[in-house]
Each structure stands twice: as structure tokens, then as C-alpha cells.
Amino acid sequence: MELTTVQQVNVMKVLEAEGVYKATFDNVAANRIIPYKIMMMHYGWDSVPIFCSVPTAPLTRCDVAFNKRVILQLEVPEEDMSLLKYQSYYDWSDLIYYVESPGDIMPPSDINAIWENAFKPPREGQYWQATLPYLKSSWIIDSINPRSCSERKLRLFTEGKISFADLRTRGRHKTTEVFI
């Protein structure tokens, strides 16, 4: 499965030195800690989830910031596919919002639906995201420093309208819609 993830530059250094990178809570926003712990418990992971974009999903759904970051293109091999988990971006966002504001968003029956839906595979027409418990250096098939790309191309890429390969080429590109 081909995936894209945006990581801090130091992640590449860890992957080069150790071959495996496990995220920690050091750089996790305070409002994400509890939802991440819920995900870790749900999947039986001992490390913070690493969020990825599938080829047909926009990165804007991942609140991407490119300062001191690297864009990684991954190929997760068949033998590691059981590590890969999928969520609907919007159902996952609802879970985060509920954890932040538990008393003011909805009745208990709706809250149960949020918990159930947060970890179900996305339905047709939904934006979706993939998560992994760690990254392996052997999965990296390409990387791009975002500073080497024009702002226009980065915007089109994060919107899912051009591909990873298009970031390396010059000129205009045909854009596409990005739903499953």
C-alpha cells in the first residue's frame, strides 16, 4: 500500500540511524493526547499513531505544516499490512472534538455512535486516513523537502489534486477529485 506522511526532519535521522521510528507524545498537541491514547488502546499499540494519507486523500485533512518537515512516500509491504489501520477523517475528528468538549455537543446515544464509528473503515464518499504504530526505513520509497516545491504545488498536493510525483516535475498538472 502506497502512503504519504509528513514528518519532522529528525524522524528521517532516526530512521537512517535505527531503521525504525516510533512516535512519542513529545510533539503531540495537548488536545490530541487522550484521543491518541484511545487509539493506541483500541489497536493494542505501545506508541503514538503515525498519520498517513492514502494516494486519493488530501493532506489538508491532516493539518499539515511544512516548516522543518519532510514529505515521505511509503510502500508498506504485504507482510506489514496488518499494522495499517484506516479511519474516516470526519469520524476521527468527531472523536477528538467529543474528548475536548464532552458535555456540550450531543446526547449520549450520539456519543456511542462516535465511539463506534471512529475506528470503523470509512464509508464510500468519505475522506479517509491511515495510521501506523511506527515507520520502517525500508518502507520509504521517496522523500521531498517541501522547501524545494512551489507554494502552488504544495497547495495542490495537500488538497489531493496532484500526486507525490507531480511535486518533482515542472509545469502545470491536471488535477483530480479525491474520494474513495
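Me: How far is the backbone nitrogen of M1 from a polar atom of the side chain of E75?
Reply: This is a predicted model, so the distance is computed from predicted coordinates. E75 and M1 are 74 residues apart in sequence, yet their C-alpha atoms are 5.5 Å apart in space. From the backbone nitrogen of M1 to a polar atom of the E75 side chain the distance is 2.9 Å.

Me: Is E75 buried, partly exposed or exposed?
Reply: E75 lies in strand β4, residues 69-75. Not counting residues up to four places away in sequence, E75 touches M1, E2, W139 and I141. Buried would require under 20% relative accessible area and exposed over 50%. The relative accessible area of E75 is 33%, so the residue is partly exposed.

Me: In which order do the strands of the open sheet with β4 run?
Reply: β1 and β4 pair in the antiparallel sense over seven bridges, and in β4 the bridge partner of Q8 is R69. β1 (2-8) and β8 (140-144) stand at the edges, each with a single partner strand, so one side of each has no neighbour in the sheet. The three strands pair antiparallel, in the order β1-β4-β8.

Me: What angle does the direction of α1 make with that of β1?
Reply: Neighbouring strands of the sheet β1-β4-β8 are turned by 25 degrees against each other on average, direction ignored. α1 packs on this sheet and touches β1, β4 and β8. The direction of α1 makes an angle with that of β1 of about 110 degrees.

Me: How many of the residues of β6 are buried?
Reply: W128, A130 and L132 point one way from β6, while Q129 and T131 point the other way. Both groups are buried. β6 is therefore mostly covered by the under 20% cut-off, and the count of buried residues is five of five.

Me: What is the relative accessibility of Q129?
Reply: Q129 is in strand β6, residues 128-132. Leaving aside neighbours within four places in sequence, Q129 is in contact with F51, C52, K85, Y86, Q87, Y89 and W92. Q129 counts as buried because its relative accessibility is 3%.

Me: Which element gives the largest share of the largest nonpolar core?
Reply: The largest nonpolar core has 37 residues, and L3, L74, W92, F119, L132, L135 and W139 have the most contacts inside it. Elements that give two or more residues to this core include α1 (9-18), α3 (89-100) and α4 (108-118). The largest share is five residues, and it comes from α2.

Me: How many residues are in the second, separate core?
Reply: L74, leaving aside neighbours within four places in sequence, is in contact with residues including M1, L3, C52, L132 and W139. The second core is separate and includes I144, L156, I162 and F164. The number of residues in this second core is 10.

Me: What percentage of the residues of the protein count as buried?
Reply: The protein has five helices and eight strands. It exposes about 9900 Å², of which carbon and sulfur atoms supply 50%. Of its 180 residues, the share that counts as buried is 44%.

Notes: Residues numbered from 1 in each chain as written. Predicted model: local features only at pLDDT ≥ 70, side-chain atom pairs only at ≥ 80, totals over all residues. Heavy atoms only, no water. Helix = DSSP H or I, 4+ residues; strand = E, 2+ residues; numbered from the N terminus. Buried < 20%, exposed > 50% of the residue type's maximum accessible area, 1.4 Å probe, protein only. Areas by Shrake-Rupley, 256 points an atom, 1.4 Å probe, with all protein chains shown as cover. Contact = heavy atoms within 4.5 Å. Polar contact = N/O pair within 3.5 Å; in protein donor to acceptor, adjacent residues only side chain to side chain. Core = buried A, V, L, I, M, F, W, Y, C linked by side-chain atoms within 4.5 Å. Pairing = 2+ DSSP bridges. Axes fitted to C-alpha atoms, helices over the stretch in contact; angles between N-to-C directions.
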